[in-house]
Structures are given as structure tokens and as C-alpha cells.
Amino acid sequence: MTFSQQDEQFMRHALELAWQGRFSTSPNPRVGCVIVRGEQIVGQGFHVCAGEPHAEVHALRQAGELARGATAYVTLEPCSHYGRTPPCAKGLIEAGVARVVAAMQDPNPLVSGKGLAMLTEAGIAVQHGLYEAEARELNRGFLSRIERERPFVRVKVAISLDGKTALADGRSFWITGAAARHDVQVLRAESCAVLTGIGTILADNPRLNVRDFETIRQPIRVVLDSIFRLPESANVVQDGGQTWVFSLADAPDWVAKYANVRVFRLPENRDLTQVLQILARKNVGELLVEAGSTVASEFVKQDLTDELVIYQAPKLLGETGKQAFRLPENVQVLAQDGDWRTVSLETMGDDVKWVLRRR
């Protein structure tokens with residue numbers, strides 16, 4: 001399909017609007033909408049929170065009667081079904097828009113082309129595919145959950161110059177500076193859930209929540225705890241936020257006192273794919289792994305890591321320090337055609353943030 005420079009300009013703006021919902025829309029996709037009459041934006045909006053009006057509704061309300069005969073640019077195919085809100089395709093039809101440009105079709109079986117078909121049947125000119133790659137990147141978690149039945153997995157590690165995460169005795173401390181630590185808070189806010197191992201809980205008693213700024217929703221904390229050693233006194237139990245524990249053992253009696261703690265009993269194996277499938281069924285689209293070397297290494301070994309985020313500080317911890325990853329000598333995942341590629345590299349204070357993706 002052919003798109004004009006004006007189409008590109010307004011779709012880029014719609015994508016920027018959608019990005020504003022990155023901390024709050026889960027489990028819904030991030031969507032932006034711009035309504036244009038002539039060359040003038042007459043309405044715009046983005047989806048803020050699940051259960052609240054979609055991007056198209058905000059934009060149509062702002063446009064009012066000016067929406068009639070206008071073009072609507074939306075980053076995802078307008079929905080065609082009744083959920084917690086009415087179908088957006090119906091709203092666009094009733095508003096009298098003349099043309100709809102969607103960045104991509106919605107893979108959700110409830111929509112999947114039906115929204116565009118509804119618009120076409122109503123006599124509206126419909127196009128899609130403009131900045132589709134950017135739209136998919138915007139909703140990588142939502143798409144992973146729908147298309148792969150597992151979350152988009154991002155593994156975060158903080159290391160020294162010599163690739164260590166802690167001293168030999170296991171003692172860890174702030175390796176990176178304030179700017180990098182704040183950036184991790186942003187990663188948590190973007191994520192549906194943050195996963196760690198029981199070893200990290202017992203050693204550091206982290207909260208794994210967002211504290212640097214206000215956010216509409218906090219990520220769910222996910223703890224891998226095979227023999228259920230999670231103490232009742234742990235911060236992830238006591239602070240009231242949602243905590244999900246995946247274990248091979250039955251939960252102790254004290255768990256029943258805490259409505260915020262949910263336990264998933266797993267069969268006798270250590271396949272992380274099961275955990276990811278359960279998380280996807282529970283609407284977790286983006287998963288941030290903040291764990292020690294054992295758990296982080298398992299995600300790499302089992303080829304379940306979509307993105308690596310490495311924060312490297314200009315410090316040396318020595319050859320006896322703990323490695324970020326512990327992989328067997330015969331592991332081939334880093335030497336195959338699916339090598340990692342650098343997505344971005346930036347400085348944060350004295351530290352470096354390195355983002356990598358599987359090819």
C-alpha cells in the first residue's frame with residue numbers, strides 16, 4: 001500500500017501517543033489514535049488503563065463533529081467486539097470518519113481483521129501496514145502473549161568491568177550508580193511482572209517494585225522457589241503488592257493469611273517454559289528477570305531470553321567474584337546463527353547500558 005508523507009507524520013505521532021501508556025495499559029495493548037481533518041489534528045488520545053476508554057474514544061471525544069469526513073490514524077486495528085468497553089470500530093463508523101489507517105492488524109482472535117472488515121463494510125476507506133514494525137515493537141509483550149503463548153522475556157544484569165555481579169562470598173552491593181538504578185525502575189514499571197529466584201529473596205530481601213516515581217500499576221513479583229523457602233517476613237510478602245510463587249512443594253500454612261500471595265504448584269521438573277505459559281495465560285506480556293546467576297543462566301540456557309539488558313559499572317570485583325552467567329562448557333546458544341545483536345548502547349552516569357536481542 002502507498003502512504004503519503006502526511007500519513008507517515010501522523011502515524012508517528014500516534015505511536016508517540018501510544019508509548020505514553022507503557023506503564024499502565026497491561027494486559028491491554030498500547031494504542032494511540034490521531035484524527036486529522038485536512039492537515040489539522042482535531043482529536044488525539046491513547047489508551048491509558050485496562051477497563052478505561054480506548055485511544056479511539058479519547059480522540060473522537062476531542063474531535064466531536066470535526067471527526068465527520070476525517071482520517072483516523074491508529075496504531076492497532078480498532079476492536080470489533082464488546083469487552084469492558086464498546087467496539088472502537090463501531091465508534092469510528094458512528095462518528096462518520098471517511099478513512100482509517102492502522103499500523104497493524106490485531107492478532108487477538110477476538111479482533112483479527114474483523115475490525116477492519118467492519119469499517120470496510122460501512123464504506124470507510126481502510127489501509128494498514130504503515131510503520132507496522134514500530135507498532136509491533138511497541139506491543140512486543142502483548143504480541144508475544146497472543147502469538148507465542150509466553151511473555152516477552154527481558155533478562156537484566158548489573159556487572160562490573162570484569163563481568164562479576166557479587167563478591168566471592170555472595171555479598172552484593174550497588175554495583176551501578178543512581179542513573180542506572182533509576183533506569184531499572186523504569187524497566188520494572190514497563191513490565192507486567194518481575195521474576196527472581198528464592199536465592200535472591202533470601203540474600204537481599206528485595207521489594208522488586210517501582211519506588212522512584214508514581215505509577216498506576218505495580219508489576220507482579222514472581223518468585224521461583226522449588227522447595228518453598230519464602231519467609232513470611234519477606235518484603236514481597238509484607239508490602240501488600242501481588243506476589244506469585246512457583247514451587248514444587250506445597251505452601252506453608254502462613255500463606256493463607258495473605259491475599260496478595262498466590263502459589264502455583266508445579267510438577268516435578270524445572271522447565272521454565274511451564275512457568276512462562278502460566279504467566280501468559282494470566283495476562284503477563286512483558287517479564288523482567290532480575291535474579292542471580294543461577295536463574296539468569298537458566299533463561300539463557302533454555303533459550304527463553306528475548307532481550308538482555310546489561311548495566312556495566314567501572315569497577316573491578318576480582319577473579320573470585322560471582323559471574324553473571326554460569327553456562328556449561330558445551331553450551332552452543334551463543335555460537336549459533338541466533339547470536340545476539342546490539343540494539344542500543346548508552347552511558348548512564350559513569351555506567352554503560354547495553355541492550356541486546358536475539359537475531
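The model is predicted, so local features need pLDDT of at least 70 and side-chain atom pairs count only at pLDDT 80 or more, while totals for chains, interfaces and linings use all residues. Residues are numbered from 1 along each chain as its sequence is written, and side-chain values use heavy atoms, leaving out hydrogens and water.

**The two domains**
- Domain 1 covers 5-141 and domain 2 covers 149-358, with bounds taken from an automatic or database domain assignment.
- Their centres, taken over C-alpha atoms, lie 34 Å apart.

**Where the domains meet**
- In domain 1, 12 residues are in contact with 15 residues of domain 2 (contact means heavy atoms within 4.5 Å).
- About 1,100 Å² is buried between domain 1 and domain 2, 52% of it on carbon and sulfur atoms; buried area is the accessible area (1.4 Å probe) that two parts lose on being put together, summed over both.
- Four salt bridges cross the interface of domain 1 and domain 2 (a side-chain nitrogen of Lys or Arg within 4 Å of a carboxyl oxygen of Asp or Glu).
- Arg357 and Glu137 form a salt bridge through their side chains, at 2.6 Å from N to O.

**The annotated binding site**
- An unreviewed UniProt entry places the feature "binding site" at His54, Cys79 and Cys88; such annotations may be inferred rather than shown by experiment.
- These residues span 35 residues in sequence, yet no two of their C-alpha atoms are more than 9.3 Å apart, so they gather at one spot.
- Cys79 sits in the loop between strand E3 (71-74) and helix H3 (88-95); helices (H or I, at least four residues) and strands (E, at least two) are DSSP runs, numbered from the N terminus.
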